[in-house]
Each structure stands twice: as structure tokens, then as C-alpha cells.
Amino acid sequence: MQRLGEETAAIEQQMATVMEGKPEVVRLLLVSLLAGGHVLLEDVPGVGKTLLTKALGRSLECTVKRVQFTPDLLPTDITGVTVYQQESGRFTFRPGAVFANVVLGDEINRAGPKTQSALLEAMEEQQVTIDGVTHALPSPFLVIATQNPIELEGTYPLPEAQRDRFLMRLSIGYPSADAELEVLEVHGEGDRLAELSPVTDASSINWLKEVVGQLHAAPALRRYIVDVVRATREHPAVELGASPRASLALLRAARALAAIAGRDFVIPDDVKHLTPYVLAHRLVLTPQARMGDATPDDVLAEVLASVPVPTSDRGPQAGAPRRQAASLR
Amino acid sequence: MTARPTAESTAGPCTAAGRPVSEWLLVGACAALMAAAVLPFARVFVGVEFARPVAAAILLSLGGQSLARRAGGGPLTGLLVGIVAWSMFVALAFLPASTLYGGFVPTSETLRAGAELFADGVELVRTRPAPTFPVPGLMVLTVTGVWWVAHAVDVLAVRLRSPLHAVAAALVLWTVPLAVTTTPGGQAWRWAVPLLIAAVAVLLLGSDTARMGRARRVGGGSVAPAFGWVTGLGAVVAGVLLVGLVPGFGERALVQPGGSGGGLTTTDNPMVDIRSNLVDQSRIPVARVSSPEPVYLRLTSLERFDAGQRWTNDGIRGDPVSGPLPAEAQQPLSRSLNVEVEALGLSGAVLVPAPYQPRAISSPRLEDLRWDSDLATLTMTGDERLANGDSYELAVEVPNPPLEALREVDVSEANPALTRVPELPEEVGALAQRIVSEAGADTAVDRALAIQQELRSWEYSLNPPAGHGSNAMRSFIQRRVGYCEQFAGTMAAMLRSLGIPARVAVGFTPGERVGDSEYIVRRANAHAWVEVLFPDYGWVSFEPTPRSDGNVLTPGAEAGMAPTQLDSQLTRRPQSTATPDFGQQQGPPQQPTPSPAAPDAGPDAEAAGGQPAGGGLPWTWLGVAVVGLAGGGLLWGRRQPRSAAIVAPGEVLARVQRVERLGAGLGRPREASETDAEYLAAVARDAQRAQPLVAAVERARWAPTVPAGADEAAGEAEAAIRAHRLGGLGRVTRAMVAVRSWGYGARCWVKRARAGEGRRAATLTAGPPGAR
């Protein structure tokens, strides 16, 4: 537990040197990494999406690949292709862009649906199958896909089902004035990225992921997660609520956040904190709500303010037995 | 918002913790606790008939509550069920069926009968000595008390899961009979053991964090709860050993019941029981005596001057009464009388009052009577007790030897035990010598008369220091003020110091004449006097006690007993003609207020000097145990220096609840959707200030294990929050805050009780609560 806290702290500290004034984003990125999920970065260009990804890759001492998604990008560019080698007279597999620990898919909505789904499939399966041969992807495997929310012309927005594959959606946002000034100074001096040295490696990240997966989450807390997710489905402004996959994602993310905070147990605050990031991109609001300028974040704020926080997990949870009792009667 | 969270798991800020132990187990433990708590009532009641209604009350009270809970009723419903069930029970069990409509439904007549029964019971409590018979009036009070204590125990232990309070309630019930009654030679240990076992069961099962069969290792790692072990063991040892100091565990009760009518229950020292009555001015009748002449009713005699401390006897034996009673001493010169005694206020008594000296008895309860010819004492046998209304006829031979005959008796032939006065204060013997030599008396009877006359010139007071041991005797002869016990005790001791066999008799003076040959003896007539043994003639009575009005009454005066017959120079007024009421004559203007405990304290204090540790309390062992435990604890603590105090999750949660109450008092109650961190930071107005408490409570609520020592920082944080928020407030504002906090606390209490309710009902239906 202690080691976990130390390592994550080291990564955070290191990345903070390049991502001035955005510790929250860095932390959430780490959450995603430890939870084994992927991140959808939805932001205007030029706020440091690529920098963030590269910084993470350097700090972890693992491979980073960047794919610029364009309308003519082919699925095989993502996954890889089998090529006939004339010298040896054999087909050999040439890995695509996803064969890296950290993959940055820039402007993912610019590529066609076929290419998009190739990436998303790889994200979900953690493996790629080409010509009947399955190739495992490296671990850890983190996809950071960016999307420009402004330019809608000539884009293929991710369908709801695809968005569900991302653990969380983040937006970096513009830096504060001071931070921006700092950016100017830093970048003026040269490449700070090159100065980053790895603080950990892929194998320890895998170990951390294992530890995180076993973190204690009390039954009452899991119930709280379910309550929150169910509440999104019952909210009047929501047409399509969060899926059970979302519940799972929320629990995984909460565990990772608890670990980063140095705790060996999850608390409701973790869940509350992560709910907007984990659930917002999965909600589809009703047309009326969208006309009324409501956003998923508003809905989630309302949900969080209405679902009571469990106060204890000392003793068995009475919630389940009671429900059971009611159905037995 | 249509979000409908499940209220049961997330009942908001004031939710109680889960209840893992089966409710039935806990109710069973409560029943056992109550059963153990009512065991000492066996001291209050004669026989075992009292047990049935009391057991029924416990079972019905607890059962009613269980059913009410099962049916989903809250505390109020439970209370209503309790009231209805209790009134039905009382009506059916104690009130005449004729007052019930259809033999079942109570009517206004039932109510009236019930009220009368209660009034009767209250009256009986004041007048009846313990042990007494389980008459309806007393039983209705007992059953009512037991019923509602059981109700309270149930509410506290099962509904509120506050087992300590439940045990305290039962403990009160348990203590009452032990505190107010005497044990007839019994030990209360046997009543303490079941109570302790049941209490431990309730404490274990009812505890907030109790889990059957699984001990929880708090904090993980090497927890060495040396402190807890040592404290627990010390508590057990101290509890077992010190329990002997609790009133009722010894031979005598701390408090003599106010209504110890005649105080005739036996203990090792009848004087102790009787003493409070010797100064009692109550006009409560004790007995009705039919006799041709006024007679002293004798209860027993005290033959042993106990190690210089007090008059007592070596215990009363008893032979069955069949045919003529053997004479205590040959009494050739005596008069025969036929006396009939009817008990009026002697219920529960063991010593049967009788004139001296009975030779034959006829009574419907003859087979229950026993006679001790050495002490001339009539007693009830075994568990039998005298009941009011009992009557018995005695053929009495009153010693009546002439003075001349007594002068010729050589008293030195008597049993040497009867002249033994160990550790008698020197002044007493010296005073006796001086009186005798001044009077020039040289025979035993003359010496006795001289001392009697001297003492009669002293002052009578009902407010003397109690007791008749060495110290009391010393102060008595210095101040020359006392009451019958001291007069009789001192005279008997003086006579013995002169070699004259003497003893103290206790009983009643003849009482008030109400008819031709009928006397009513009241409690105020309780008395002590002196008997001197004249071989060949028997025990002859002397009366050293002066009257407050200057009259001196002499035992058997009208019966023409020797000392007074010949003692014609003494000024005394025949009482038979004037039919004086002893109670009134004897009484000084002011009502005496003898402290019930005081009579006991006297001899006990005296005994302590003479016989250290005689009471059986193993002081040595206690000391060894305490020192051993302390040493062991120190050693253990040294071996495991890192063992820190273990903080139960409940303590931290209680802190948060206090902050919640504070916040509510300050107008910022907790929202259901707020986490601990959010709420505590809001109340503290600074996340940093609340941080230690937040960390502790998060761990307490959500962590798989709770580490040691987390509470100190949390406590400081709580204090800091409190200080910060209340610091600048005025007194009035603070009061307002406190009131609002209490209101919030009360609402939470109700909410918790209700939540616990539903939860338990759910648990019951869904089967045993499983592990998570």
C-alpha cells in the first residue's frame, strides 16, 4: 500500500512539472491507468493533450505511440498488417499503432467508423486478431483518445455504444494566467519533456493494477455506486442512463483513486468525485433537456445531491435482506 | 428528481450500525438476565409461590415486545402493547373475575379493585417485614415492577442495543431485595453468579459490534491488548471479591425495612433485629393477649456476652412441641396462668412471643412450633413463619419465689458460662462493686436489687447512641442516659462481673389493656430486661429501666414476682388499674427517629475492632491478586511496548454524531447525500481542521480493519471544531445551540429506533444474517 502511494505520488509529481496547474487531470489519468481503463480527452486543440500523453509515457518508461486520425486512416494502420516477406518467403506481422503501452489517438472523430471501431475493439479486448492470428497487446495498455468538441464539420462522432468503452472523459481546459505564463517560460527554454526521467516501469504498473483491483470496497459502498448509476437511469432528463458497465467502471476507478490517495479502502467521496468523469459521457439526455441547455454534468450533480450517502458498513447490509424479505412476503 | 435510493442501507446521517446478532438470542439473554435479577426476591417472600406470577410477567413482557417488533411496531407500539398486556395480566391474575365483563374484558369495577389492591400493596410494603407471604397486594406491586423493568431491559438491549443500560436496569431490580431484607443465614453469592452470567451474555450479544463466533482483530498486525486484558481480569477479580462488601451479601441487610413488625426474623443476633424496635414508638399492634393479668411477652434471651462487645446467643435450637414443655429450670414456687396470644403484626416472624415460662401449648400450628428450653424461646421451624391471625394458648408458670427463699440460694452453683463477661470495661465492674458495697448488699438477690435501683435512678432517653457493646456501655455509665437495651445490657454485665448468672431477655411489655382480660401489644412495647438465674427457682426477672415519667415498670409486677413483690420501697404505680398505654407513657415528647442503619453499624463497628477480617472477605487474596495483576500488566506492557489503545469504530462514529448534533444546533444539519468529509469540513469551516476526524471516521466506516490509536487526533479535531464554532458565541446563543442539538439528537434517536426496527424485522424474515 505504501509503495503504491509512493509510486503514484512520484508519477504525479513528475508530470506536474510539465503540466502546470493541472494536477487534477494528471491524477485522473493515473486513475485511468491503474483501473485499466481508457480516457477520452475532449478538448480544444493546443491545451496540452499530446504533452500530457508523452509525459505519462516518459514517466512510466514505456512505449508511447501517437496516431493522428484522419478520414483516410485505415483499420490496419491501427491494428497492424500481415506482410509477405519476399526474402524469407513468409508472412510476417507488422504491428500497428496500438502496439504500445500508451496510445494517443488524436482527433479520433475524424476517422471513419470502421477505423474507429478497430481501435475501440482493441481497447476492449486488449488483443488484436489479424488473419486468424491473435496478438496480445502490451500491458499496461492505455488509450488516450482526443476529440475536438467544436469542429463538427466532416467528423464522425463516436456513437453512444463506443463512448461507453472509455472509462472516463476528461477535459484539460485552459490553464490559469499564471500557469500559462509558466508555460511560456518553460517552453521558451526548451524541451522540458526531454528532461523527464522514468520513475517506474511497466511491470510495477501491472503490479499496482493488481493491488488496486483487490482494494476493499464495502458492500454498502458498492450499493451506493449502484444507487447512483440507477438514479441516472431514472432521472427525467435522461433518455439513456448509465449501463452496468458504468457501475463496474465507477467501482474500478474509485478503487484506483482510493489507492492514489493512500487508502486501502474506498469511501463514498471517491465515488462522488469520479461520477462526473466516469458517467457524463455515457448519458444521453432527452431532446427537451438538451434544448433547455441541460448538460450531463448538471444531471449528475442533481443525482449526487439526491442519493443518500451510506454512513456505515459495520455489520451486514440490511438493504439487501429487506428487499429480499419484501419479495418473500 | 425521481432517484429513489434504498432508504434502508442509506438511512442518512443518523443511521445505526448493522445488527448482526440474532434477535432471538438477545431476547433469550434478556429473559435470563431478568430471571437472574428476580432471584433475590426469594428473600422477600416465603415459599416459592411468588415465582410463578413473576416468571409469567417476565415472559409476557418480553414476548409481547418481541411480537410487537415482529409485527413491525415501533417503540410506541411496543409501549402500548406492554400497557395493554400488563393490565390484562394484572386483571386476570389478581383481580376478582366477577369484575371482568365476560370474564375477560376489564370494567370500571376492575379498575377500582385494581386501585384498591395497589393501595393495599403500598400499605403492606410499609408494614410487612420480610420475608413475608406473597399476598396479592404485594405480588401486584412486584409483578408490576418486574414487568416494566423487563420492558425497559428489552427496549434498551434489543431495540436500542444499549446492553449496559439494560444490565443496569436489571441490577437495580436485583439489588432492591438484597438491600432491604435480611438473609436468614443465607449467602447471596448464588444469586450473584447467574446475574453475572446473564449480564455478560446480554453485553456480548447486545453489543453494537458483536458478531457471533468471530473475534475481530482490530487494527491488524500484532495487537497486544495488555491493558484491556489486565483491566478485564482485574475487574473480574475485584468483582468476585468485592461483591462480598455489597449490602446483603453478608449476614445482615444494610437497611432494616421500615415495617419490620416486631423485627422478629432471626439473625445471628436477635438484639440487632429487635433493637430498632426498642426505640420504636409505632402504635402498630403486634399481638392481642388474653390473660388474667398483664404479662411480659418474651421473645428470646441473650446469654452470651460476645467477646466484650455485645449480648447475643449461640443460636436457637428447637425441639418439637408435643406434650408439656420441659422446664428451663425447676420452679417449685410459681403461679399458673392461661394466656392466649393472637398475632396481629407478627407476619413473617420466626420468634414467637410467649410469657415466661410456658409449660404447655395448644395451637392449630402446633407442628410448626419449636421450643428451645435453654433460652426459653419459642420459634417457628424451618421455612415456616408466623402469620397474622395465628393464635396459640399457653399454660404458663410464672416464677414466684419469696425474697427470703432467694436470699438463701447460692448462685455460684450455676453454669460458669452464665457469669462470663470477657473484656468488660473496668469502669463497669468497678461501678457494680461500688453500688453493691454502698448498699451493703451481700446476697445475690440483694445485689441485683441494689443495681436495679441504682439504674432506675438514671435517665431514660430514646435518643441515645445505639448499641450496648463495651464502648456504648462506657459512655452509658458516664452519661447515665440510655434506653432499655443499655440498661438491661449493662445491668446483666454488672451482675455477671459480680459472679451472678444473668442474661438479657427481649420481648414486649404487657401493652395496653383493652378489655377485662385483654391486652393489645404494640410495637412501641418492645423491650429488653434482665433475668437472673437462681438455681432451684429458675430465672427471675429484673427491670432496671426507668420510665421517662419516673414510673418504673417491672416485669411481672402484677404477677407478684419476687424482686418487686419485696421491693415495696420502690415508687411504682400499678399499671393494671390505670390501664396505661406503654407506648404513650414510654414515649418522650419528641418522636424518636432511629436511623435504620445505625443499630447495625454500632455492633459491626465494634466487632471490627475485636475480630479483624472476621467477615470472610479475603483481603490478603485481594491484595495478592491486585499486586499480581499490576505486575503482570507491567511486564506485559514492557514486552510489548508498542501495544496501543484500541479504538472501537463506535467511538469515532460517536464523535461524528456529536459533531452532527453540533452542526444541527448551529443550523447546518447533515444532508443525507453528504459524505463525512464534505459535512465535517462544512461544520469545521476548514477542511484541514476536520481532517483527522474525517480520516478516522472514513476508516471506521469503510476500512476492513481499524488501526490503533486513531482516536486521539480525531478527538483533538472534534475539540477544535467545537472550540472554533462555539468559541465566540454568547451564553444565550450557546444555550440555543444546545437546545437545537438536543432536539436533533432526539429526532435521530427516534429515527434510529425505527430504522433498527425495520432492519431487524427484515433480518428475521430473511434468515440469519450472513457474513458479508
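Predicted model: local features only at pLDDT ≥ 70, side-chain atom pairs only at ≥ 80, totals over all residues.
Over all chains it holds 32 salt bridges and 0 disulfides.

**Chain A overall**
- Chain A has 14 helices and 11 strands.
- Of its 329 residues, 53% are buried.
- Take the contacts in chain A with a separation of 6 or more: 79% of them join residues 24 or more positions apart.

- Side chains of opposite charge can pair when their charged atoms come close.
- One salt bridge joins Arg699(B) and Asp264(A), at 3.6 Å from N to O. This pair crosses between chains. Arg699(B) lies in helix 22 (residues 687-702) of chain B. Asp264(A) lies in the loop between helix 10 (244-260) and helix 11 (268-279) of chain A.
- Both ends of that pair are partly exposed: Arg699(B) has a relative accessible area of 21%, and Asp264(A) has 24%.
- Arg701(B) forms a salt bridge with Asp676(B), with the closest N and O atoms 2.8 Å apart. The pair links distant parts of the chain, 25 residues apart. Arg701(B) sits in helix 22 of chain B, and Asp676(B) in helix 21 (residues 676-684) of chain B.
- Arg701(B) is buried at 5% relative accessibility. Asp676(B) is buried too, with a relative accessible area of 5%.
- Asp368(B) and Arg365(B) also meet in a salt bridge, at 3.3 Å from N to O. Both residues are buried.

**A buried arginine without a salt bridge**
- Arg496(B) belongs to helix 14 (residues 484-497) of chain B.
- Arg496(B) is buried but has no salt bridge. The nearest side chain of opposite charge is Glu303(B), 6.1 Å away. A salt bridge needs the side-chain nitrogen within 4 Å of a carboxyl oxygen.
- Beyond four places in sequence, Arg496(B) touches several residues, including Glu303(B), Phe305(B), Trp311(B), Leu418(B) and Arg503(B).

**Sheets in chain B**
- One open sheet has 6 strands in the order 10-13-8-3-18-17, with antiparallel pairing. Its edge strands are strand 10 (358-362) and strand 17 (512-513), and each pairs on one side only.
- Within it, strand 8 (residues 334-343) and strand 13 (residues 391-399) of chain B pair over 9 bridges in the antiparallel sense. The bridge partner of Arg335(B) in strand 13 is Val398(B).
- Another open sheet has 4 strands in the order 7-11-12-9, again antiparallel. Strand 7 (319-320) and strand 9 (351-352) of chain B each have a single partner strand, so one side of each is left without a neighbour in the sheet.
- Strand 7 pairs with strand 11 (residues 369-372) of chain B over 2 bridges. Pro320(B) stands opposite Arg370(B) in strand 11.

**A buried valine**
- Val530(B) is part of strand 19 (residues 526-534) of chain B. Its relative accessible area is 0%, so Val530(B) counts as buried.
- Val530(B) and Ser541(B) are 11 residues apart in sequence, with C-alpha atoms 5.7 Å apart.
- Beyond four places in sequence, the contacts of Val530(B) include Ala488(B), Met491(B), Leu495(B), Val540(B), Phe542(B) and Pro544(B).

**Cysteines**
- Cys62(A) is buried at 15% relative accessible area.
- Cys748(B) is buried at 6% relative accessibility.

Key: Residues numbered from 1 in each chain as written. Chains lettered and ligands numbered in written order. Heavy atoms only, no water. Buried < 20%, exposed > 50% of the residue type's maximum accessible area, 1.4 Å probe, protein only. Contact = heavy atoms within 4.5 Å. Pairing = 2+ DSSP bridges. Disulfide = S-S within 2.5 Å. Lys, Arg positive; Asp, Glu negative; His and termini not counted.
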